[in-house]
Amino acid sequence: MAEATIHFPKGFLWGCATAAHQVEGNNTNNNWYYWEEQGRTRHKAGLACDWWGGRWREDMDRAAETGQNTHRLSIEWSRIQPTPDRWDEDALERYRAMLRGMNERGITPLVTLHHFSDPLWLFEQDSWENETVVPLFEKYVRKAVEALKEYTNLWCTINEPNVYALNGYVAGDFPTGKSGHKGMNLAMRVLVNMLRAHAAAYKAIHEIQREARVGYALHYRPMVAARSWMPLDALMRNIQYKGINMAFPTALRTGVMQSPLGNVRVPEVKGLQDYLGLNYYSVDTVKFDLFNPKELFARRYYPAHADLSATKFIANIPEGLFDSLQWAVKTYPDLPIIITENGVEDPDDRIRPRYLAQHIQQVWRAVNFNWPVKGYYHWSLIDNFEWERGWTQRFGLWGLDVETQARIRRPSVDLYAEICRENGLSSEMVRKYAPEVLEKMFPG
Ligand code: BGC
């Protein structure tokens with residue numbers, strides 16, 4: 001075992017990520033509230049972490065006191081524009097207070113403008129299926145950015161367009177709950193509209209704020225074929241990999257969105273990102289499966305020996321983060337990369353300390369190749385409402401008692417605090433928080 005400390009470049013962004021509907025509470029004017037009322041989720045968001053009630057203050061105190069210098073949050077379109085013809089200035093004022101509060105604590109906000117939730121009025125007009133959403137989104141973005149530009153220049157237009165489209169139109173777990181062949185067609189339309197909306201928002205934000213840095217967050221899913229000798233596994237892996245990952249990245253690189261249902265020209269989006277936001281959680285193994293026509297004859301799973309999270313939702317595969325960063329650098333040489341999400345669900349903090357340490361070591365490997373990785377956002381600061389899975393998964397550094405709103409400090413809080421303060425990671429920290437991977441991480 002070698003004693004060592006690995007360091008990150010000066011000014012590296014260390015923080016956590018959250019999303020409006022998952023933390024704010026009492027968010028009753030959007031598609032997710034409707035979905036919850038329809039009984040389509042395991043639980044209801046309810047008060048969530050009560051950020052709308054003001055508890056963002058104590059949580060931002062926690063973030064600042066534990067050495068974090070940035071926070072990624074999202075703002076809720078349905079609060080800012082409750083009906084198509086009305087802006088809610090009080091809601092904007094509350095977001096201004098939130099961002100001001102972050103600045104006062106030395107925390108740079110990264111503001112996501114759309115994170116899965118749509119205003120009910122938009123949902124009633126088929127959400128992102130119609131191209132009318134593009135000017136509507138631009139209008140909302142202009143209003144929000146004008147109001148908030150004083151406090152940040154870091155913007156994320158849309159969170160995980162691929163997850164929104166696939167879960168909402170193919171898997172059917174998210175609103176709109178559509179699936180099948182028709183759903184697939186609609187998913188493609190949604191992605192094209194999201195691309196156009198991203199481009200419109202990118203241009204609008206730069207018009208309003210010259211020094212803005214604008215990107216989107218891609219859910220990037222590395223995949224490996226289950227059996228190297230089996231050509232059908234490789235084929236399925238390639239189809240799934242492209243289908244799930246590539247719509248946005250290819251369109252932003254080439255101006256063409258490729259899809260299994262045909263290519264769509266979107267020249268206006270080419271090159272419009274100032275950084276790549278990368279959400280990385282795990283790697284899928286892909287196998288040909290004749291009995292799974294629903295997923296186009298493929299099955300995505302984790303290998304039996306994997307280091308699995310509490311509900312088996314995530315396998316701890318840290319090298320996948322390095323591979324993702326390598327893919328990003330090859331795809332967009334010189335474009336800054338921000339890891340906009342990475343984390344694991346783990347109520348007992350059994351796996352999180354090693355997941356955290358091992359993933360951060362992989363980020364460091366990437367930084368050592370001089371790849372332009374600028375920051376890391378852990379998902380998440382505090383347990384929050386996990387969409388259709390309700391409160392069954394616990395992603396927070398801090399736990400949350402949903403009944404009492406009490407915050408529960410997990411050991412990972414202190415590990416992440418040491419990492420943020422050191423701007424690095426040491427063998428000492430790993431010995432203290434995740435001794436089981438010490439030899440693997442610092443061999444010698
Ligand atoms: C989403 C988050 C979510 C996390 C964990 C990401 O895909 O952006 O909203 O909580 O995954 O499931």
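This is a predicted model: local features need pLDDT of at least 70, side-chain atom pairs count only at pLDDT 80 or more; totals for chains, interfaces and linings use all residues.
**Overall form**

The protein chain contains 16 helices and 17 strands. Its C-alpha trace spans about 60 × 55 × 45 Å along the principal axes. For a chain of 444 residues, a compact globule would have a radius of gyration near 22 Å, and the 21 Å of this chain agrees with that value. Of the 444 residues, 61% count as buried. Among contacts with a separation of 6 or more, 74% are made by residues 24 or more positions apart.

The accessible surface of the chain comes to about 17,300 Å², and carbon and sulfur atoms account for 51% of that area. The charged side chains comprise 52 positive and 54 negative ones, and the centres of these two sets are 4 Å apart.

| Helix | Residue range | Number of residues | First to last C-alpha | Expected span |
|---|---|---|---|---|
| α5 | 89–104 | 16 residues | 22 Å | 22 Å |
| α12 | 319–331 | 13 residues | 18 Å | 18 Å |

In helix α5, the buried residues are Ala-91, Leu-92, Tyr-95, Arg-96, Met-98, Leu-99, Gly-101 and Met-102. The buried residues of α5 pack against both helices and strands: the helices are α1 (20–23), α3 (51–65), α4 (77–80) and α7 (133–148), and the strands are β3 (70–74) and β4 (108–114).

Helix α12 also has a set of buried residues, namely Gly-320, Leu-321, Phe-322, Ser-324, Leu-325, Trp-327, Ala-328, Val-329 and Thr-331. The loop that runs between β12 (298–301) and α12 holds Pro-303. With a relative accessible area of 23%, Pro-303 is partly exposed, because a residue must fall under 20% to count as buried. Pro-303 and Leu-166 are separated by 137 residues in sequence, and their C-alpha atoms are 23 Å apart in space.

Ser-412 is placed in helix α14, which covers residues 411–422. The relative accessibility of Ser-412 is 0%, so this residue counts as buried. Setting aside residues up to four places away in sequence, Ser-412 touches Asp-349, Arg-352, Pro-353, Leu-356 and Leu-397.

Val-430 belongs to helix α15, which covers residues 427–433. This valine is buried as well, with a relative accessible area of 1%. Beyond its neighbours within four places in sequence, Val-430 is in contact with Ala-357, Leu-425, Pro-435, Val-437, Leu-438, Met-441 and Phe-442. Tyr-275, by comparison, is 155 residues from Val-430 along the chain, and the two C-alpha atoms are separated by 31 Å.

**Backbone features in the loops**

Most residues other than glycine have a negative phi, and most peptide bonds are trans. The residues and bonds below depart from these patterns.

Ala-48 is not a glycine, yet has a positive phi of about 50°. Ala-48 sits in the loop between α2 (31–37) and α3. Its relative accessibility is 1%, and the residue therefore counts as buried.

Asp-349, one of the residues touched by Ser-412, likewise has a positive phi, near 55°, and is a residue other than glycine. Asp-349 is found in the loop between β13 (337–341) and α13 (352–368). Its relative accessible area is 8%, and Asp-349 is thus buried.

Two peptide bonds are cis. One runs from Pro-175 to Thr-176, with omega near 20°. Thr-176 is located in the loop between α8 (161–171) and α9 (180–208). Another cis bond joins Trp-379 and Ser-380, where omega is about 10°. Ser-380 lies in the loop between β14 (373–378) and β15 (398–400).

Conventions. Residues are numbered from 1 along each chain as its sequence is written. Side-chain values use heavy atoms; hydrogens and water are left out. Helices (H or I, at least four residues) and strands (E, at least two) are DSSP runs, numbered from the N terminus. The radius of gyration is taken over C-alpha atoms; the globule rule is 2.2 Å times the number of residues to the power 0.38. Buried means under 20% relative accessible area, exposed over 50%, partly exposed in between (1.4 Å probe, protein chains only). Contact means heavy atoms within 4.5 Å. Accessible areas come from the Shrake-Rupley method with a 1.4 Å probe; for residues, only the protein chains shown count as cover. Lys and Arg count as positive and Asp and Glu as negative; His and the chain ends are not counted. The place of a charge is taken as NZ of Lys, CZ of Arg, CG of Asp or CD of Glu. The expected span of a helix is 1.5 Å times one less than its number of residues.
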